[in-house]
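Here is a brief report on one protein model.

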Amino acid sequence: MSALYLYPRWLRAWHWVNALLFLVLMYTGASMHFGEGGWLMPFDLAVTVHNTAGILLTLGWIGFVVGNLRTENGRHYRIHLSGFVDRLVVQGRYYAQGIFRNEPHPFHVSVGMKFNTLQQLSYLGVMFGLMPLLILSGWAFLFSVSLPETLLGLPSVWLVAMAHLTLAYLLVLFLLVHMYIITTGETVTTNLRAMITGWHREDEPGSDRREEAKS
């Protein structure tokens with residue numbers, strides 16, 4: 001059994017707060033979109049909670065970026081071009097076929113790299129692509145009175161709303177895939193426990209238990 005400390009406290013705190021805020025945003029967003037009634041929140045309250053959660057999500061995202069710039073955790077998002085395509089193909093084939101045939105995982109977590117190539121690409125796309133755009137469109141919607149009447153020949157408020165909604169749906173899709181990937185560790189709960197305790201543990205036949213120093 002090897003044990004690697006890969007998720008420092010600040011990262012775990014951000015991850016779970018971010019997850020909670022995302023659930024709040026999904027619920028309040030649905031309440032605003034479909035109208036109050038049943039299990040949905042009253043519209044006015046949903047707007048207040050949604051805006052507050054959006055502001056906190058913005059602060060959290062800034063904290064995530066700063067944290068990765070100021071700690072060694074940022075190295076896990078750096079893509080190494082040597083062998084990139086080969087690793088991408090191998091990892092994609094594993095998720096498409098190998099995982100259903102109980103084949104060994106082609107990627108092994110280490111202190112130097114805790115994400116496989118597909119994880120790197122998806123996290124980079126989400127955290128430095130979709131999230132900033134979602135946040136920007138949210139702030140634009142929050143201050144929609146300052147927007148011009150039209151953008152690209154279309155009503156600006158409608159355009160921003162559609163962009164915000166589309167980005168939200170894409171991030172919900174990512175969340176569903178992310179939750180599935182969580183279960184694909186050595187056991188169903190291996191990855192979940194790592195994000196709770198900070199320690200990634202997996203069997204390593206032929207080697208002694210190993211603990212790396214905290215990053």
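## Basis

This is a predicted model: local features need pLDDT of at least 70, side-chain atom pairs count only at pLDDT 80 or more, and totals for chains, interfaces and linings use all residues. Residues are numbered from 1 along each chain as its sequence is written, and side-chain values use heavy atoms, without hydrogens and water.

## Annotated spans

An unreviewed UniProt entry marks residues 12-30, 50-69, 123-145 and 157-177 as "transmembrane region". Such annotations may be inferred rather than shown by experiment.

Residues 123-145 are 87% helix and 0% strand, with end C-alpha atoms 33 Å apart. Residues 157-177 are 100% helix and 0% strand; their end C-alpha atoms lie 30 Å apart. Helices are DSSP runs (H or I, at least four residues), and strands are runs of E (at least two).

Leu171 touches Phe22, Val126, Leu130, Met131 and Leu134, leaving aside residues up to four places away in sequence. Contact here means heavy atoms within 4.5 Å.

## Surface patch

Ile55, Leu56, Leu59, Ile62, Val66, Trp139, Leu142 and Phe143 form a nonpolar patch on the surface. Together they have about 680 Å² of accessible area (Shrake-Rupley, 1.4 Å probe). Patch members have over 30% relative accessible area and no salt bridge, and nonpolar side chains are joined within 5 Å. A salt bridge is a Lys or Arg side-chain nitrogen within 4 Å of an Asp or Glu carboxyl oxygen.

Helices α2 and α4 each give two or more residues to the patch. α2 gives the most, with 5 residues. Leu142 sits in α4. Leu142 counts as partly exposed because its relative accessibility is 33%, between the 20% and 50% limits.

Key:
Patch = residues over 30% accessible without salt bridge, like charges linked within 9 Å, V, L, I, M, F, W, Y side chains within 5 Å. Buried < 20%, exposed > 50% of the residue type's maximum accessible area, 1.4 Å probe, protein only.
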